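These are my notes from going through a structure, one topic at a time. I wrote down what I looked up and what I found.

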Amino acid sequence: MVKFDRFSLSNGLRVLVHRDETTPMAVVNVMYDVGARDEDPSKTGFAHLFEHLMFGGSVNIPDYDEPLQMAGGENNAYTTNDLTNYYIQIPAENLETAFWLESDRMLSLAFSKKSLDVQRKVVCEEFKEHYINKPYGNAWHEMRRLAYKVHPYQWMTIGKELRHIEEATLEDVKSFFFKHYRPVNAILVLAGNVDSDRVLALAEKWFGGIPSGEKYIRNIPQEPEQQEERKLELRADVPLDAFYRTYHMGARMSDVYYAQDLLSEILSGGGSSRLFQALVKEKQLFSNIDCFHFGSVEPGLFTIQGKLVQGVAMEVAEKAIDEQLNILLQDGISAEELEKVKNKTESLIAFEDMSVMNRANSLAFYELMGEPNRMNEELDRYQAVSANELMEAAHHLLRPSNANTIHYLKN
Amino acid sequence: MLNRKEAPAIIHTSSLPLHLKPCNKSTLHNNVPVYDVMGGTQEVVQVEWVFRAGNLFESKNGVAAAVSHLLKNGTSTLNAFQINEKLEFFGAYLNRACYNETAVVTLSCLSKHLPVLLPLIRELLTDASFPEEELQIYQQNAQQKLLVNLQKCDFVANRLIDTYVYGFEHPYGKYLSAEDYAHLQRSDLVEFYQKYFQNGHCTIFAAGLLPESTSIVPLLNQYFGDLPLNKNEMNFVWPAPSRAQEHKYSIVNDPNGVQGAIRLATPMIGRKHPDFQKCLVLNNLFGGFFGSRLMSNIREDKGYTYGIYSYIQNHLSQDTAWMIATEAGRTVCDATLREVYFEMNALCEDLVEDEELQLVRNYMMGSILGDLDGPFHIIARWKNIILNELNESYFYESMDTIRSVSPEDLRNMAQKYLQPSSFYELVVV
C-alpha cells in the first residue's frame, strides 16, 4: 500500500507526497503532460529533443547539472509517446536544491542557441546509435507506420527522420515550452524521507509564483478501427529473418487492458509460456520469441516478435504462430495457467515497488491519468480477471483484421 | 522576493556520516558461508548462490557459460518446461550468470514462496541433467544471437579491446565463436557441473524481508547444509596476461556504418593496490558520471556522441584495465579520440580546482548513499567486499579517500595511470 498526500497550488500544479522514512534519500519527480503524440507530424522527435534542452540551463541558473551534483544528487529523464518525466534522487538534507532547480526550469528555460546546436547533434547520434546503426533498427518505425494511419503513435519518440531534428529552431523550442511546460500541465511528486508540511511550504515558495499557463487540451485524431489485415515485407542486410506482428489493444486505463496484459504473459512471459515452449523449444522454428506491449495511454500495440531459426521459411514460422493462437482461442486457458500469470504479476508489482523512485514515478503517472488511487488497486484489477474475460479479450484482440505483420527478410 | 539566482544552502554530502549496514555471517553444516541482510519494506527475498565456476575453470571455450545457462533445463525428474512452470507459478525469477571467476544463481521471489522454492533449487544444484536436446537448442540459439551481435560495432569492439589487454588465452580476453558453441558436448558440461557445482565451492548471499516466524539460515541449512560443497579450498589461479604489441586498431565491420565504436584501454592495478581508491575518484572526474570531463567536453560541448564513459573493470584478480567507451559519429571519431587524449593530458598536467573536486566528492557520496538503499543494494555491496576478500574497513577507507584525496594525489594518479601512450586504441565502424 503506497500512502500519499495530495494537494494543488493555486497555479494548478498538482503535488503528491509519499513518505518513506527507511531511506536517507528524497526523490523529486516532475512529469509533464506531453509526449511524441503531441507533435506536429512535420516536426517529429521534438518532445524528446526538448527533454535534452531542459538540461541546457534555465532563466536564472546557467547550469542545471552542476549544482545538483554538488548537492549529491543524480537525475535523469525520459520521453515516451505519451509523456515526459524528469526525476532526481538527492540526499534528503539537500531537498531544497531540487526545488530550486526544477522550479526555475519550469519558470523559463534560458533558450540557449549553443545548447540547441549541441543537443541536436547529440540526439542525432542517439538516433544513429539505436535505429540506424543496429540490425533491425528500422523495424519499429515501419511497424508504427503500418499500424497507425491517423494517430500520432505512427512515429517513434526519437522522430520519423534525422532531418526533423536537424531542422528544429529556437522559435519551435520557445513555443513548445510555453505551450506544454506550464504548472497547469505538470505533476510534482515528492517521495522518500520527506514530510508533507515541509514539502507544501517548499512547493509554495519555489513553484507557487510561476504563472499557471493554459491547460493544454489534447485534440488527437483517433485511429479508426482497422478493417483488414495489413502486411509488409522488408529486406535488409541482416543475418536472420525476423517476424513482427501487432494487434491494436486497449488503452492503459481501460478494463480490457488487464486481461490483455495477462494474455501477453501467457503467450511469452517466460520459459513455461506458450509461444516459447511450442516454437522455440518443441518445434524449434524461432531462436527467440517475445510478446509484449508498451502500456500506452491510448490504444496501443500488442506485439509478437521473434527471429527465425536459419533455414526455416517465413510462411512455416507464421503458420506455427497462428496455430498456437488458434489453439488458445479454441481450447481456452486452464485455471492454473491463469493463476500462474496472476502470481507473476503480483511478484512483479512487489519488486517494482521496492524502489522509491519507481513508486514516485508510478504515482505521477496515475495522477496524470486522473486516478492516483489506482496505484494501490492495480493488483486487485489483475486478480479480478476471470478466464472468461481473458478469453473474450483474446478473441477480440487476435482477429486477423486487427493484425499488422512485417516479414523482415535478410538479403 | 525570492532570489532564484542564489542556490539554497546545502550540506556537503561528503561530510555526512555514512554507514554500511552490517551483514550477518553464518556457516552451514558443510561450511558453506552465508551472508545475509534481512529487512526492507516489501515482502520479497533474494538468494544468490555464488559458485567458483566461471570461465577461468573451463578447459574448453564456452563450457562454463553453457552449464550456467542450462542449469534449469532438466533434472532426472523434471524437464525444462516443468522447472520453468514451477518457478513461474510462484512468480519467481531464477537468473543464472557466468562471469570470469564465478557463476551466480539468483532466486528472487515473494518471501511467502521461498520455502516451497528452495527444494527445487536444491534439485537444480544437485541433479541437473543437461539433456542433449536442450544443449542442441542452446547451441543453435546462441549461434544465432552471436550472428546478430556481430553486426553491431559496439559488440565487436567490446570483444576485441579485451584481447589486446589480456590476450586471447586469458579468461578476461577470450570470447566465443560460432565454432566454440558447435564443439560443446554434453559430457563437457556434465564433467564441469560435477566438479564445480555438485562438488564445488559455494558462498550464499541472502537479502529481503522474511515473515517473523522464519529465519533464513535454518532454511538454507535444511536444503543445502548437507551437500558435498566446500570440501577443499579452491583458489583462483589466473594466467599472466599476454598484451598485444600493436596499440592502435581501426576496423571496418560494416561499410555502411554511420557510427564508430571507440574503446581505449590500459592495463590497470587491482582493488588491493594502495592507489586504487584514489583512482576511483580520478575516474569519476575523468569519465565516471554525467558531469565528468569526457561527458562535458565530448557530448555536452561538441555533440559528438550520445554518451561517453570511463570505468575501471571490476575484476577479482589484480589484473584489470582502465577503459573508455563511446559510440561517436563516423566522421568525428578522430576528433573524439583527440579530445579523450586532451582530457587525459589535462589531468596529468593541471591540478583540479577545489570546486570541481568538491562536486565529485559530493556526487560520489550521494550516489553511494542512494545505492545503500534497501537490503538488495546493501547485500550487493557486501558481496563485492567479500568476493574480493576485503573487509568492512575497505568500505570506510574508500569513503575516507573520497573525502580527503587531494588535487595533487589525483594528478599523481593521472601521471601514473592515464598516460596516453599506454592505451590501446580501437575504432570499429
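Predicted model: local features only at pLDDT ≥ 70, side-chain atom pairs only at ≥ 80, totals over all residues.

**Entry 1: the salt bridge of B:Arg243.** I looked for the partner of this side chain and found B:Asp319, with the closest N and O atoms 3.8 Å apart. B:Arg243 lies in the loop between α8 and β7 of chain B, and B:Asp319 in the loop between β9 and β10 of chain B, so the pair ties together parts that are 76 residues apart in sequence. B:Asp319 has 22% relative accessibility, so I put it down as partly exposed.

**Entry 2: other salt bridges.** I reminded myself that side chains of opposite charge can pair when their charged atoms come close. The count over all chains is 49 salt bridges.

I looked up B:Lys416 next and found a salt bridge to B:Asp275, with 2.7 Å between the closest N and O atoms. B:Lys416 belongs to helix α15 of chain B, while B:Asp275 is in the loop between β8 and α9 of chain B, 141 residues apart. Are the two ends buried or exposed? B:Lys416 is exposed, at 52%, and B:Asp275 is buried, at 7%.

Then I took a pair between chains: A:Glu346 and B:Lys112 meet in a salt bridge of 3.0 Å, N to O. A:Glu346 lies in helix α12 of chain A and B:Lys112 in the loop between β5 and α3 of chain B, so this pair joins two chains. A:Glu346 has 18% relative accessibility and counts as buried, whereas B:Lys112 has 53% and counts as exposed.

I also recorded a network of salt bridges that links A:Lys114, B:Asp301, B:Lys302 and B:Glu339.

**Entry 3: a sheet in chain B.** In which order do the strands of the open sheet of 6 strands stand? I read the order as β1-β2-β6-β3-β5-β4 in chain B, and the pairing is mixed. β1 (24–27) and β4 (93–98) stand at the edges with a single partner strand each, so one side of each has no neighbour in the sheet. From one strand to the next the twist averages 15°.

I followed β4(B) to its partner: it pairs with β5 (residues 103–110) of chain B in the antiparallel sense, over 6 bridges. One bridge I located sets B:Tyr93 against B:Ser108 in β5(B). Helix α3 (residues 114–127) of chain B packs on the sheet and touches β3, β4 and β5 of chain B. The direction of this helix makes about 160° with that of β5(B).

**Entry 4: strand β10 of chain A.** β8 (residues 242–248) of chain A pairs with β10(A) in the antiparallel sense over 7 bridges, and A:Phe243 stands opposite A:Gly306. β9 (residues 286–292) of chain A also runs antiparallel to β10(A), joined by 6 bridges. There, A:Cys291 has A:Ile304 as its bridge partner.

**Entry 5: aromatic rings.** The structure holds 46 aromatic pairs over all chains. I picked A:Tyr86 and A:Tyr181, which are edge-to-face at 6.3 Å centre to centre, with 70° between the planes. A:Tyr86 is in strand β5 of chain A and A:Tyr181 in the loop between α7 and β6 of chain A, 95 residues apart. Both A:Tyr86 and A:Tyr181 are buried.

The ring centres of A:Phe111 and A:Phe177 are 5.7 Å apart and the planes are at 80°, so this pair is edge-to-face. A:Phe111 is buried at 15%, and A:Phe177 is buried at 0%. Ring pairs link these residues into a cluster whose members include A:Tyr86, A:Phe111, A:Phe177, A:Tyr181 and A:Tyr64.

**Entry 6: charges over rings.** I found A:Arg105 over the face of A:Tyr64, 3.8 Å from the ring centre. The charged end of A:Lys307 sits over the ring of A:Tyr136, 4.6 Å from its centre.

Note on methods. Residues numbered from 1 in each chain as written. Chains lettered and ligands numbered in written order. Heavy atoms only, no water. Pairing = 2+ DSSP bridges. Helix = DSSP H or I, 4+ residues; strand = E, 2+ residues; numbered from the N terminus. Axes fitted to C-alpha atoms, helices over the stretch in contact; angles between N-to-C directions. Contact = heavy atoms within 4.5 Å. Salt bridge = Lys/Arg side-chain N within 4 Å of Asp/Glu carboxyl O. Buried < 20%, exposed > 50% of the residue type's maximum accessible area, 1.4 Å probe, protein only. Phe/Tyr/Trp six-rings, centres within 6.5 Å; stacked < 30°, edge-to-face > 60°. Lys NZ or Arg CZ within 6 Å of the ring centre and 35° of its normal.
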